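Have the sequence and the model side by side as you read.

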Amino acid sequence: MIALTNVSKFYGEQTLFVDASFQLNRGDKAGLIGPNGSGKTTIFRMLTGEEAPDDGGVARAKHLTVGYFRQDVGDLSGRSVLEETMAGAGEVADLGAELAVLEMRMGEATDLDKVIEKYGEVQARFQELGGYELEPRARSILAGLGVSDAHIDDDVGKLSGGWKMRVALASILLLRPDVLLLDEPTNYLDLESILWLESFLRDYPGAVLMTCHDRDVMNRIVTRIIEIDGGEVTCYTGDYDFYEQAREIENTRREAQYERQQAMLAKESRFIERFAAQASKAAQVQSRVKKLEKIERLTPPRRIVEHTFNFRPPTRSGTDVIKITGVRKAYGDHVVHDGLDLVVRRGERWAVMGENGAGKSTLLKMIAGAVTPDSGSAALGASVAMGYFAQHQMEVLDGKSTVLEELMEHTRTVGIGPLRKAAGAFGFQGDDVEKSVSVLSGGERARLALLKIMFETPNLLVLDEPTNHLDLLTKRSLLRTLKEYGGTIIFVSHDRAFLRSMATQVLELSAAGPRVYPGTYDEYVASTGREAPGMRAD
């Protein structure tokens, strides 16, 4: 269907890849991975034809349709959520609009016969493409992505950025292209929507190429991994877990091969140095010199370096860290919490789960003091020092500072060396600490905000979607840090790897009221038979 053959791409002196080749066939489900700046977005843009390779070729089948979901969705406004979704359906959407125009012309046309004839032609093609099923499909996809019927007729321009992303994704899925290119499609989705999307993509008949920082999503959808690393593109057959194992085996093999060659080169060099001045050995020396000149030198395999940093242990809090008593909270007629009671004790790690609108973030905000209950109380216990992470905190970073300056201002007693090491553990390696905060991506801002909180060494962490926008390497680093953390955690997350690793208790919020599951996330799944409170039908 679509293939890259011996493609090379350069930006100035930067080499993204050389002689890269892979192809996507109908039904393929592939994951595209690589460090930031490795060229994943460039691959997408070449597949869509927006960018040309410097060398090599991109071949596409005739009449191939490609749908590209990207993080920058633009300024959506002026249409309802449903209209915006249906507008992206390609030819069938255009035909629907043409039918509407022809229907209006029928009441005023002097050439009614021609209009009716044209209407019949357009209607036949519209029906052939499934036009009359378009709206029901659009509603079904929007529902799967968490957009309720109550908001489907609202102006899309009134939505937040995250909800606009859902509408843009729904529009691409409705298009049903031959090739789906998805750049981090789960970033703004709740767990219920992620589970629905997994099912949709597994059954999708076309080809899918996606980047995603959610290990579970990759394992459940993709059957191939296309890796960009150091200018090379390598394909692995299997899911993400298989890729990691295969890559480790290959790296071990290449390291052994490299070490053997280094040992051989050292041995031959010693012989040449030892006997270079002896006439009787001249022929052997020359032979070995020529041999070394002909040998193609191996390079050591590139290793993914995971930086670690040990933060200062937090002070000990009292036994009861959070006490919520009879809390009621409503927004207009929408009652979010009504008589909620909860006690969180020292060392516990609570996962708060529930559908959109169930009050997860509201609960965390009340604990953090950012929102006041209408009645009841949400109080912190004795000697509790809280660190609160929410998405809006990324917006209050000083855009005029560099990453290092922001950390130095926040942690005046810590030296530059430890600051650089901690920054490396959170993905800011080398010169990355000199980046201006104003140019940081969403993921980089999230990392910086989390890093500042960890330096405060709170004994209570309140975390609202802490892994949003984080790549897999940084997630591993964060998980390792939090596992070693000696305080208490209450959090909301749609990342199942994070839920499995962190939760020791689960609080489920639903219309039936709050329910506590005293156990891990896996135990919650086994107990309820579902991975999320509001599992959505296909």
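A crossing is left-handed if the near helix is turned anticlockwise from the far one by less than a right angle, and right-handed if clockwise. By that rule, α5 and α6 make a right-handed crossing. Keep in mind that this is a predicted model, where local features need pLDDT of at least 70, side-chain atom pairs count only at pLDDT 80 or more, and totals for chains, interfaces and linings use all residues. Residues are numbered from 1 along each chain as its sequence is written, and side-chain values use heavy atoms, with hydrogens and water left out.

**Helices α5 and α6**
- Helix α5 (residues 134-144) packs on helix α6 (residues 161-175) at about 135°, with the axes 10 Å apart (axes are lines fitted to C-alpha atoms, for helices over the stretch in contact, and angles run from 0 to 180 degrees between N-to-C directions).
- From α5, L134, R137, A138, I141 and L142 meet A170, L173 and L174 of α6 (contact means heavy atoms within 4.5 Å).

- Buried means under 20% relative accessible area, exposed over 50%, and partly exposed in between (1.4 Å probe, protein chains only).

**Around A379**
- A379 sits in strand β13 (residues 375-380) and is partly exposed, at 36% relative accessible area.
- Beyond its neighbours within four places in sequence, A379 touches V321, I322 and K323.
- A379 and V321 are 58 residues apart along the chain, with 8.5 Å between their C-alpha atoms.

Definitions and conventions: Helices (H or I, at least four residues) and strands (E, at least two) are DSSP runs, numbered from the N terminus.
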